[in-house]
Amino acid sequence: MGMSVTISAAAEQDAEQIFRLQYLCFQSEAALYGNYRIDPLVQTLDSVRREVAADCVVVARLGDEIVGSVHGRITEDGAAAIGKLCVHPRLQGHGIGARLLRAAESALAGERGARTFRLHAGHRSESNLRLYSKVGYQRVGTSQGTDGVPMIVLEKDAEAFATTA
């Protein structure tokens with residue numbers, strides 16, 4: 001009998017697994033753009049530790065292994081910036097990413113008062129853009145990532161989340 005994936009807030013001791021998972025998961029994204037300097041690949045372990053301590057970081061676990069994660073924080077304008085969503089390649093396509101997003105949205109709206117959820121996706125990241133559209137995000141603009149990758153900005157109203165969760 002197989003184990004089920006559980007979703008929970010990240011703990012301090014999860015930082016190293018999150019760090020390794022991000023590095024694994026974002027390789028395909030880097031290859032898509034021919035840019036191995038994208039933010040999740042150059043982030044340090046100490047930086048991941050600081051995010052886990054200060055921000056909203058949610059993980060998916062299969063037993064003791066972290067197989068997915070997402071990061072969120074409240075910005076100055078009251079929006080929740082959501083990013084670094086990743087699911088282990090062997091488990092992609094099973095709804096774990098959507099579950100992680102819902103858990104992060106719930107925590108960011110309920111515990112931190114987010115009014116809007118905002119995320120960025122690379123303009124060539126079609127599977128990510130499909131997922132975000134499927135869970136209610138709408139394109140609101142474009143931006144340039146600090147790593148030079150053209151990004152699509154997507155948003156979802158926190159009140160819309162409350163009615164669909």
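**Cavity, pocket and salt bridges**

There is one cavity of 30 Å³ or more in this predicted model. By cavity I mean, on a 1 Å grid over the protein atoms alone, a set of points where a 1.4 Å probe fits but cannot get out; a pocket is an open set with protein on both sides within 12 Å along at least five of seven lines, and lining residues have an atom within 4 Å of a point. Grid points are joined across faces, edges and corners, and a volume is the space filled by probe spheres set on the points.

Some housekeeping: residues are numbered from 1 along each chain as its sequence is written, and side-chain values use heavy atoms, with hydrogens and water left out. As the model is predicted, local features need pLDDT of at least 70 and side-chain atom pairs count only at pLDDT 80 or more, while totals for chains, interfaces and linings use all residues.

The largest cavity holds about 50 Å³ of space. Its lining consists of Ile-18, Gln-22, Val-48, Glu-51, Val-52, Val-57, Ser-69, Val-70, His-71 and Lys-84. That makes five nonpolar, three polar and two charged residues, where Ala, Val, Leu, Ile, Met, Phe, Trp, Tyr, Cys and Pro count as nonpolar, Asp, Glu, Lys and Arg as charged, and the others, Gly among them, as polar. H1, helix H4 (45-54) and S3 each give at least two residues to this lining; helices (H or I, at least four residues) and strands (E, at least two) are DSSP runs, numbered from the N terminus.

Now the largest pocket, at about 1,300 Å³. It has 47 lining residues, and those nearest its centre are Phe-26, Lys-84, Leu-85, His-120 and Tyr-132. The lining splits into 20 nonpolar, 18 polar and nine charged residues. Among the elements supplying at least two residues each are helix H2 (27-33), S4, H5 and strand S6 (138-144).

Buried residues in H5 include Ile-96, Leu-100, Ala-104 and Leu-108; buried means under 20% relative accessible area, exposed over 50%, partly exposed in between (1.4 Å probe, protein chains only).

How many salt bridges are there? The count is eight, taking a side-chain nitrogen of Lys or Arg within 4 Å of a carboxyl oxygen of Asp or Glu. Asp-14 and Arg-61 form one of them, at 2.6 Å from N to O. Asp-14 sits in the loop between strand S1 (5-9) and helix H1 (15-25) and Arg-61 in strand S2 (residues 56-62), 47 residues apart. Both Asp-14 and Arg-61 are buried.

Glu-65 and Arg-90 also pair, with their closest N and O atoms 2.7 Å apart. Glu-65 is in strand S3 (residues 65-74) and Arg-90 in the loop between strand S4 (79-87) and helix H5 (96-110), so the bridge joins parts 25 residues apart in sequence. Here Glu-65 is partly exposed at 29%, and Arg-90 is partly exposed at 46%.

Lastly, Asp-77 meets Arg-118 at 3.1 Å, N to O. Asp-77 lies in the loop between S3 and S4, and Arg-118 in strand S5 (residues 116-122), 41 residues apart. A network of salt bridges links Asp-77, Arg-118 and Glu-155.
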